[in-house]
Amino acid sequence: MSKLLFRLKTWRARRISKRNADVIRNELPDGGIGAEAPIRHASEDRLRRTEFAARIADVLSELSLREGRVFAIRGGWGFGKSSLKNLITERLDAKNNGADWLDFNPWQWGDGDAIAGALFGQIANRLGGEHSKAALNRAEALRRYGAILTGVGNPLKEVGSSSFLVSTVLTNASVIAIASAIGFDLPTVAKVAAVLSILSVGIPLVGRILTHLGRDHSGEPLDKVRRSLEDRLRELDRPLVVFVDDIDRLEPEQIRMLLRQVKANANLPNIVFVLLFQPSIVERALDPVADGNGRAFLEKVVQANFDLPAVPVWIVHRIFEEELAKIAGPYAIEANGFSQKRWGNACIGCILPWLRNMRDARRLISSIAINIPLHVVGNVFEVNIVDFLILETLRVFEPDLHDALFRERGLVLQERRYSFNGRQKVDQEAAKVLLEIVPENRRENARDALKDLFPTLEWAYGGTNYADDFHLQWLAEKRVCTPRYFPRYFELQTTVGEMSERRFVDFLDATTSEEELYTAIAAIEGDGLLNSLVARLDESVDRLPVENASILLPGMFILAEKLAGTNSGTFDSSYVAAWRATNRFLKRLPEDVRSDLALASLRKTGALSVASILIHLSDPADRKERSSGVFEPTLELNTVAAMKVEWLRLIRGRAEDGDILLTEPDLIYQLYRWKDYTNSIDEPREWLMKAIQTDQGFATVISRLMHRGNSYTYGDRVPTPHNSFNKEAIADFIGIEHAKARIDSINPDEFPEYEEALQVLLIHLEKWLGLRENDLFDY
């Protein structure tokens, strides 16, 4: 583990540029895809079994003139039986006097008869491969012997015995066809009938020929055929080793049939069978024909066993770590949420406990290699690398739990934790049920994995109850425990309405050029991803390039201004995220340039809304007496004053330019800022009274002053539209009585586009003037 952590620490320090990431990816191996395949050469041996394989090869190469032998290579699935076999055959090929060998896999041959026939056929082909007369005679002798043992003549005899029925049918068909031809003058039918007549005579003959070929027509008994075969096999100058692999994958009846054949022919000279299987499976298959003692039956077949050397689990873990380093190393950087401490804890507590043998390690490596590219766009990894590896471990070894996580999103993300409806006990019980999907012996490991992946659920398992303060950190790390990134891990694509990590990186890259930045903003807005962009900026302020502040800061002013007026009234709205990110980014800038850049950004963009927010956050005059905590303004007092002057210049210019000020997104808020910065309501009130001189102007202004929102009542699943007016704003800038008089003099039908605003204002005015008793102003 220490070696892996050292390597990962090195990766963490390596910031991958776009060019370097492409180079690294091109140099990666196939990443272990299909890594469950056994090794084939000693150069791939990482379990140090080459010498063991060499000793076995020496034993198998010994001639046995009297009778053959049956050995077994025993081990569980995934422990490397086939890999050991390949090491043995490589050694046999390298020896000057090594045995010939044949690799027979019965799993691909289907039923028992086909397996038996294929076994004899392949051995015969291997023995006759030299094409010498002696070799061909040996092969022919073995085929004759195999045909007798496997009963190959039976189906041929069945063909001969059924020929009478076939002949009868064809003869009758011939008679009918000939009669039809005579009666209806159909020469074509007559020709067909003639052919059928010939076939009716020929089929019995064919049946007799096949029966004859299938019969042991030599007249020699089986023992004599076998003795002749044994004599020819003793002439071999090296034995033939027949490796029979994957026996434990066969059906029980197939296993029994195969071992019966091996047992019957185990004493053929110079034929050595090497059976590869997991003992428990084969013994259970033999129990029905061995009075429940399949092990004893197997001992009568196999003369000696080669048990796979034990592999310490630490070696399995070490090999896994080395393979993982090749595949996941380039993505183990801080930008992908990697930290040495968290990775060490996750690896030891949430991944390695599932890796019991090399098969487990290779299964996980193969799955990681296949799925990593699905989370990569360009040179950017879209999710947290540690979360990805833990989830991939669950997907491979606990697929039912992995599937349940997506279904139980509300539970694992604790999305209803503040609903105040007594869900704590319900969620705690649901968390317990979720864990019970996993078998009890692995439940503790699964619980550790869930606590690591979903800190907000940790309390349900007796752990820490995390506050919301951690949410921004988890977002910056692209954690699965956040609603933004959770779907990405399971849907394997960016959620609709969310920008990908790749696109966010491209946006940051575009901050080196004003033209590129504004082009990127326009493209993102065109794709409907503006809200997602400002959320990412808010979550990732520490990633924003300070060196590009002269270009990026005006761009952030523009983004915030585009969202002004869309505030939903909650602290997590996109507009709030936009100005909050702008203020936090300003705090990261050196103090000697911060003020100048803020003032320059206001002059360049004319973004009144975000500028007024930034002024408010740094203006001691706006700090309420009841405010607690230390006041840490972003901008100096002189800068605040200078920005107010610039702000007033901009709004006065817009007030003089026709109706342009009416398009200001948060008009009421800006009117009050105008009042505050001049210490008088006269200027904004004078402008507004001038704007409403005409009925058209009044209707337009009223529409701009109306607040459009939604309301919920208990039990509602959908919102109700709720439009309203601020009494103080109407009183300050128009006057309640004046507004009532103006609205009474207007015919709403003349202004259909403003009819809703005029009717809502009338309701409010009548209530404020005591003309209505109902205090509900929903429209």
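Analyst: The count of salt bridges comes to 42. The model is a predicted one.

Start with Lys 85 and Asp 245. Their closest N and O atoms are 3.2 Å apart. Are the two partners buried or exposed? Lys 85 has 6% relative accessibility, so it counts as buried. Asp 245 is buried too, with a relative accessible area of 3%.

Next come Asp 619 and Lys 644. In this salt bridge the closest N and O atoms are 2.7 Å apart. Asp 619 belongs to the loop between helix 30 (608–618) and helix 31, while Lys 644 is in helix 31. The pair is 25 residues apart and links distant parts of the chain. Asp 619 is buried, at a relative accessible area of 5%.

Arg 742 lies in helix 36 (residues 736–744) and Asp 695 in helix 34 (residues 695–705), so the bridge ties together parts 47 residues apart in sequence. Arg 742 counts as buried at 13% relative accessibility. Asp 695 counts as partly exposed at 30%.

Some salt bridges share partners. Arg 46, Arg 318, Glu 322, Glu 323 and Lys 326 are joined into one network in this way.

Glu 591, Asp 592, Asp 596 and Glu 636 form a negative surface patch. Patch members have no salt bridge and over 30% relative accessible area. Glu 591 lies in helix 29 (residues 591–605). At 61% relative accessibility, Glu 591 counts as exposed.

Glu 664 gives another picture. It is found in the loop between helix 31 (637–656) and helix 32 (667–678). Glu 664 is buried, with a relative accessible area of 3%. Its contacts beyond four places in sequence include Glu 561, Arg 654 and Arg 704.

Step back to the whole chain. It has 37 helices and 9 strands. Of its 779 residues, 48% are buried. Among contacts with a separation of 6 or more, 75% are between residues 24 or more positions apart.

Among the buried ones are Ile 281, Val 282 and Glu 283. The buried residues of helix 12 pack against strand 1 (69–74), helix 11 (252–264), strand 4 (271–277) and helix 13 (294–301).

Ala 581, in helix 28 (residues 574–588), is also buried, at 1% relative accessible area. Its C-alpha atom is 6.1 Å from that of Leu 537, 44 residues apart along the chain. Beyond its sequence neighbours within four places, Ala 581 is in contact with Leu 537, Asp 538, Val 541 and Met 556.

Finish with two backbone details. Most residues other than glycine have a negative phi. Gln 414 has a positive phi of about 55°, and Leu 492 has one of about 60°. Gln 414 is in the loop between helix 19 (409–412) and helix 20 (423–435). Leu 492 is in the loop between helix 23 (486–491) and helix 24 (501–509). Gln 414 is buried at 5%, whereas Leu 492 is partly exposed at 35%.

Definitions and conventions. Residues numbered from 1 in each chain as written. Predicted model: local features only at pLDDT ≥ 70, side-chain atom pairs only at ≥ 80, totals over all residues. Heavy atoms only, no water. Patch = residues over 30% accessible without salt bridge, like charges linked within 9 Å, V, L, I, M, F, W, Y side chains within 5 Å. Areas by Shrake-Rupley, 256 points an atom, 1.4 Å probe, with all protein chains shown as cover. Salt bridge = Lys/Arg side-chain N within 4 Å of Asp/Glu carboxyl O. Lys, Arg positive; Asp, Glu negative; His and termini not counted. Charge placed at Lys NZ, Arg CZ, Asp CG, Glu CD. Helix = DSSP H or I, 4+ residues; strand = E, 2+ residues; numbered from the N terminus. Buried < 20%, exposed > 50% of the residue type's maximum accessible area, 1.4 Å probe, protein only. Contact = heavy atoms within 4.5 Å.
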